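Dear colleague,

Please find below the structure that I am handing over to you. My notes on it follow directly after.

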Amino acid sequence: MGVGLLISTVVLMTFEPQITEMELSNGIPVISRKLDTGQVEGVSLFIDGGSRLLTEDTQGIEAFAIECALMGGGRFSGPALRQLTDTTLAEIAGQYNYDFSRIHLRCLDEDLPLLMDALSDCLLDPELDPASVERVRQSMLADLAEQQSDPDQAIWYVCNRGFMIGHPYSLKPDGVPETVAALTADDADRHLQRRLVSGNLLITHAGSTPDSVLLPLLEAAFGGLPTGGETLADVPPFPLEEDTLVAESREVETAYAVVKFAAPPAGHRDRAAFMAGMSAISDLLWDVLRTENNLTYGTYAGSTSYRRNWGYMYVSSPQPQRACSLMADVYRNAFLEGLDADLVRGSAETMRTGRGARMASRDYQCYLLGVGAISGEGWKSSYFMVDSLAALDSDEVREALSRWAGPCSWGVIASDEQLENLKGPWPIR
């Protein structure tokens, strides 16, 4: 290739669009999606691990460390970095979830060399200015306070108190107030040194920059990182063995309710059918709870895309007992009586259309390639999953919903008066 790097390249000609798999000299894998349209480049650095590497006392440490690093580096100090991103209109943002952390860079192709240099400088030689570190802490604490005070956000974590007991995903990547308040700049520095090693990392790219240009940039930025990595245990199944209900009293006019239950994990043959089924159920919830019974202004259903997944249904209603009971009925009837074939086809097409629209984003392209690889499902399965939805029929969807109709965990936030009439949990099987 003429750049003197230890890089192996495989171009997958059997798939469209063209996607290339490569490797930096220290072993960091790279997956690149070639796009001929536009001048925007996207590069994501994934750090594998997520909640599995947290403890009760270290919740939020990775989010804190990365956000502190992204405030400035040794050569690109905070003011210099902000001036650079303002001038180039570039965006650098972090994302933190149960399976991984991701740092995404979006910029114009002509600015990619300079922005990659700045990103590398921040992560490998963070400035950790005391004022900037404290600003990150206060921002995280403000987000956590809002999450707790807003019942529409808090309900998901109320549900987790029954669904995720003892599971690695019960540990919050964005932290809890007690842990975030105690984190220091030294904690951030030590964590970055521990995690930024080749065996923990994956890079994805979406844009028009050719490999002959992209690879030297990535090598200069991250090829010097040490080899090695942490051994990660498999994510275990969720421990729920019976239906549960966790209720929390608040002075609210409308109650909030969420139910979660185990769904097909990454790579499972039921994934596509279950996703289509939950999309169809989302439509049915609106028909039953809103149109027919006038119980809600907001209800929907879906499923997650982690190593271990769950299905969920949500409702906000002043009549939680009736609304939750009807939600359970909708799911149960979907596999007992089956789903209308037109509804299944329509839901699958809606998912395909939504995925296609999001493909215009370099951010989403990078995310999709990375989440498939990180989850263990493989980027190919993740990237092309929606295409398989076109072949689904209603019987496959009904069978998938039936197989995953196991124990469920309900979370409800409601007033004392509303809780007096609550008689859950409501089984979905």
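A residue is called buried when its relative accessible area is under 20%, exposed when it is over 50%, and partly exposed in between, with a 1.4 Å probe and protein chains only. By that criterion, 55% of the 429 residues in the protein are buried.

Two remarks on the basis of these values are in order. The model is a predicted one, in which local features need pLDDT of at least 70 and side-chain atom pairs count only at pLDDT 80 or more, while totals for chains, interfaces and linings use all residues. Residues are numbered from 1 along each chain as its sequence is written, and side-chain values use heavy atoms, with hydrogens and water left out.

Overall architecture

The protein contains 15 helices and twelve strands; these are DSSP runs, numbered from the N terminus, with helices (H or I) of at least four residues and strands (E) of at least two. Its radius of gyration is 23 Å, close to the 22 Å that the globule rule gives for 429 residues, so the protein is as compact as a globular protein of that length. The radius is taken over C-alpha atoms, and the rule is 2.2 Å times the number of residues to the power 0.38. The C-alpha trace spans about 65 × 50 × 40 Å along its principal axes.

The accessible surface comes to about 18,200 Å², and carbon and sulfur atoms account for 50% of it; the areas come from the Shrake-Rupley method with a 1.4 Å probe, and for residues only the protein chains shown count as cover.

As for charge, the protein has 33 positive and 60 negative charges, whose mean positions are 4 Å apart. Lys and Arg count as positive and Asp and Glu as negative, without His and the chain ends; each charge is placed at NZ of Lys, CZ of Arg, CG of Asp or CD of Glu.

Aromatic pairs

The structure holds 20 aromatic pairs. Rings of Phe, Tyr and Trp (its six-membered ring) pair if their centres lie within 6.5 Å; planes under 30 degrees apart count as stacked, over 60 as edge-to-face and the rest as tilted. One of the pairs is formed by Tyr98 and Tyr306, edge-to-face at 5.4 Å centre to centre, with 80° between the planes. This pair links distant parts of the chain, 208 residues apart: Tyr98 is in the loop between strand S5 (91–96) and strand S6 (100–108), and Tyr306 is in the loop between strand S10 (298–303) and strand S11 (309–317). Both tyrosines, Tyr98 and Tyr306, are buried.

Trp156 and Tyr312 have ring centres 5.6 Å apart and planes at 85°, so this pair is edge-to-face. Here too distant parts of the chain are linked, with Trp156 in helix H5 (residues 151–163) and Tyr312 in strand S11, 156 residues apart. Tyr312 is buried, with a relative accessible area of 18%.

Backbone features

The peptide bond from Gly424 to Pro425 is cis, with omega near 0°; Pro425 is located in the segment after helix H15 (416–420). Leu128, which is not a glycine, has a positive phi of about 55°. Leu128 is in the loop between helix H3 (112–124) and helix H4 (130–149) and is buried, at 16% relative accessible area. Asn294 has a positive phi as well, near 55°, in the loop between helix H9 (271–292) and S10; Asn294 is exposed, with a relative accessible area of 56%.

Individual positions

Thr209 is located in the loop between strand S7 (201–207) and helix H8 (211–222) and is buried, with a relative accessible area of 7%. Neighbours within four places in sequence aside, Thr209 is in contact with Lys34, Glu41, Asp109, Leu112 and Leu214.

Ser316, in strand S11, is buried with a relative accessible area of 0%. Beyond its neighbours within four places in sequence, the contacts of Ser316 include Thr254, Tyr256 and Gly298.

Asp150 lies in the loop between H4 and H5 and counts as partly exposed, at 27% relative accessibility.

Yours sincerely

Notes:
Contact = heavy atoms within 4.5 Å.
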